[in-house]
Amino acid sequence: MSIKPTLSYPKGPITGAEAIVRSLAAEGADLIYGYPGGAIMPVYDELYKFQDHINHILVRHEQGAAHAAQGFARVSGKVGVCIATSGPGATNLVTGIADAMIDSTPIVCITGQVPSHLLGSDAFQETDIIGISTPVTKWSYQITRVEEIPEIIAKAFYIARSGRPGPVLIDITKDAQFASAGFYYQPCTRIRSYKPVPQTAETDLVQAAELINQAKNPLIVWGQGVILGEAEEEFRKFVEKSGVPAAWTILGVSAIETAHPLNVGMVGMHGNYGPNLLTNECDVLIAIGMRFDDRVTGDLSTYAKQAKIIHFEIDPAEVNKNVEVDIAVMGDVKHTLAAIMPHIETKTYPEWLGRFKELDAIEFDKVIDGEINPTKSGLTMGEVIKTINANSKGDAVIVTDVGQHQMIACRYAEFVQSKSNITSGGLGTMGFALPAALGAKMGAPEREVVAVIGDGGFQMNIQELGTIFQTQAAVKIVILNNDFLGMVRQWQQLFFDKRYASTEMLNPDFVRIAEGYFIDAKRVTERKEMTVAVAEMMKSDKPYLLEVCVEKENNVFPMIPSGASVSDIRLE
């Protein structure tokens with residue numbers, strides 16, 4: 001009978017595989033997602049021995065491992081970890097890695113590799129994962145010597161979590177996993193020439209405060225940087241003291257509660273009418289922890305040309321990349337927002353805030369009322385989100401996939417605490433939500449986690465129902481089924497004369513599939529059934545799938561046509 005090893009410091013040499021597992025444990029990575037294979041098998045043998053210390057979750061596809069690690073990281077604030085074998089195992093991680101890169105999610109990915117003497121020989125399941133992953137990682141490194149393992153893993157975690165977070169990939173040859181060496185682990189706290197947080201210039205703080213204090217019609221647009229910097233308290237104080245109306249990107253939502261009186265809604269292609277229109281009327285635009293994505297700005301040649309622009313940013317590469325700014329306040333927003341507060345005057349803007357309320361009323365009459373309080377017979381996505389709100393009281397984590405349902409959920413979900421909206425923003429990865437919801441539930445087991453998914457995206461990683469079944473993670477899955485790839489269909493309707501090319505879906509019986517995985521499930525087709533069905537789902541302490549059959553050709557408005565100005569936002 002084998003004796004399970006303890007986490008006490010080992011005496012004498014250990015294998016590279018054991019060094020990997022001990023290094024992960026030293027970083028507090030007690031939950032990892034992965035899929036075994038030949039080139040990573042020595043590590044899995046060690047994970048078996050250390051299973052009292054590290055919980056390995058067997059996903060059904062390596063892309064699911066990356067997305068689950070993302071969901072865990074986004075809701076917990078920790079570094080997510082995933083692991084895969086060489087060749088196809090490693091390449092299957094790449095979509096999740098690219099998603100994590102553009103959405104600034106800290107994950108460490110460990111891949112096995114063929115023995116070092118076979119590198120470059122096109123050996124079985126050999127792929128140059130370093131070459132493939134370099135453009136979509138903060139750092140990638142191949143280990144060929146066992147002695148490197150502790151130091152490189154320590155660097156990986158430091159780089160992933162520091163500054164602007166992001167993914168790191170470490171590729172480890174099989175011979176390095178089998179070889180032995182002494183073990184010494186020291187967490188990394190600095191790397192020469194790598195400066196993750198730029199210095200903040202006091203003159204920039206003073207000049208930014210002067211612009212803000214002198215503004216007549218200022219507007220804040222905040223993004224995920226507030227959440228990543230854990231600067232929610234500093235941000236709230238800044239908003240309330242300055243009195244400036246504040247709008248959010250889809251990754252920034254929940255940094256302050258949606259019901260806050262100065263929260264004026266979402267900017268971007270399917271954002272709210274007021275903040276989009278008034279972006280081109282404000283005199284000072286204060287961008288905080290956001291990167292001026294094209295979905296936010298629309299036509300750059302017309303974006304906020306009348307405004308002085310202040311950019312609070314941690315990543316120098318994002319400053320003046322898309323939008324030329326007047327003042328860049330560099331640094332971590334938790335520090336810079338606190339540092340600028342003594343220079344900010346206490347003000348209110350009742351007339352300016354009134355403009356947002358006027359435009360909100362127009363949007364409510366023309367768009368929102370019909371979406372959340374429909375009079376037509378067919379169910380709408382908005383009323384489903386409204387029903388979830390009624391049950392969650394805004395306290396649930398909402399994980400969305402990509403498409404119409406994503407925009408509807410981001411527009412209408414209510415949030416009362418931070419780290420509550422988990423979605424694929426910059427890459428727009430269909431198939432994200434199901435595994436990300438699994439990771440989110442494990443990252444915040446005390447919170448209700450609801451995955452809102454379209455019928456198209458659900459089928460892209462449908463196999464992760466098996467992981468949910470095996471772990472019994474109490475994820476609530478809501479499929480908003482319109483039998484279409486809805487967002488593409490909407491564009492085809494509006495811009496391609498209703499030529500619905502390859503967007504209509506012939507779907508399976510989702511309820512029977514869920515039941516095949518021994519997951520409770522129900523289908524709703526009529527409004528009278530929905531309130532009871534959502535309440536039943538939310539009360540369950542087990543995984544639950546609810547399919548809601550919604551109108552097939554309902555569109556998401558407002559909408560800024562691709563390449564148009566934010567001033568060209570359409571209500572119909």
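Tutor: In this predicted model, the contact between helices α1 and α7 brings G16, A19, I20, S23 and L24 of α1 against I149, P150, I153 and F157 of α7. By class, the residues of this contact are 7 nonpolar and 2 polar, with no charged residue among them.

Student: What are the angle and the distance between the axes of α1 and α7?

Tutor: Two packed helices are described by the angle between their axes and by the distance between those axes. Here the axes of α1, residues 16-26, and α7, residues 149-161, come within 9 Å and cross at roughly 30°, and the crossing is right-handed.

Student: How many cavities of 30 Å³ or more are there, and which residues line the largest cavity?

Tutor: The count comes to 3 cavities of 30 Å³ or more. The largest cavity, with a volume of about 50 Å³, is lined by R74, Q224, I227, L251, V253, S254, K419, N421 and I422, a lining that divides into 4 nonpolar, 3 polar and 2 charged residues.

Student: Which residues line the second largest cavity, and how does that lining divide by class?

Tutor: The second largest cavity has a volume of about 40 Å³, and its lining consists of I14, A19, V146, E147, P150, A181, G182 and F183, with 6 nonpolar, 1 polar and 1 charged residues by class. To link the two topics, A19 and P150 are among the residues of this lining, and A19 in α1 and P150 in α7 also belong to the helix contact.

Key:
Residues are numbered from 1 along each chain as its sequence is written. This is a predicted model: local features need pLDDT of at least 70, side-chain atom pairs count only at pLDDT 80 or more; totals for chains, interfaces and linings use all residues. Side-chain values use heavy atoms; hydrogens and water are left out. On a 1 Å grid over the protein atoms alone, a cavity is a set of points where a 1.4 Å probe fits but cannot get out, and a pocket is an open set with protein on both sides within 12 Å along at least five of seven lines; lining residues have an atom within 4 Å of a point. Grid points are joined across faces, edges and corners, and a volume is the space filled by probe spheres set on the points. Ala, Val, Leu, Ile, Met, Phe, Trp, Tyr, Cys and Pro count as nonpolar, Asp, Glu, Lys and Arg as charged, and the others, Gly among them, as polar. Axes are lines fitted to C-alpha atoms, for helices over the stretch in contact, and angles run from 0 to 180 degrees between N-to-C directions. Helices (H or I, at least four residues) and strands (E, at least two) are DSSP runs, numbered from the N terminus. A crossing is left-handed if the near helix is turned anticlockwise from the far one by less than a right angle, and right-handed if clockwise. Contact means heavy atoms within 4.5 Å.
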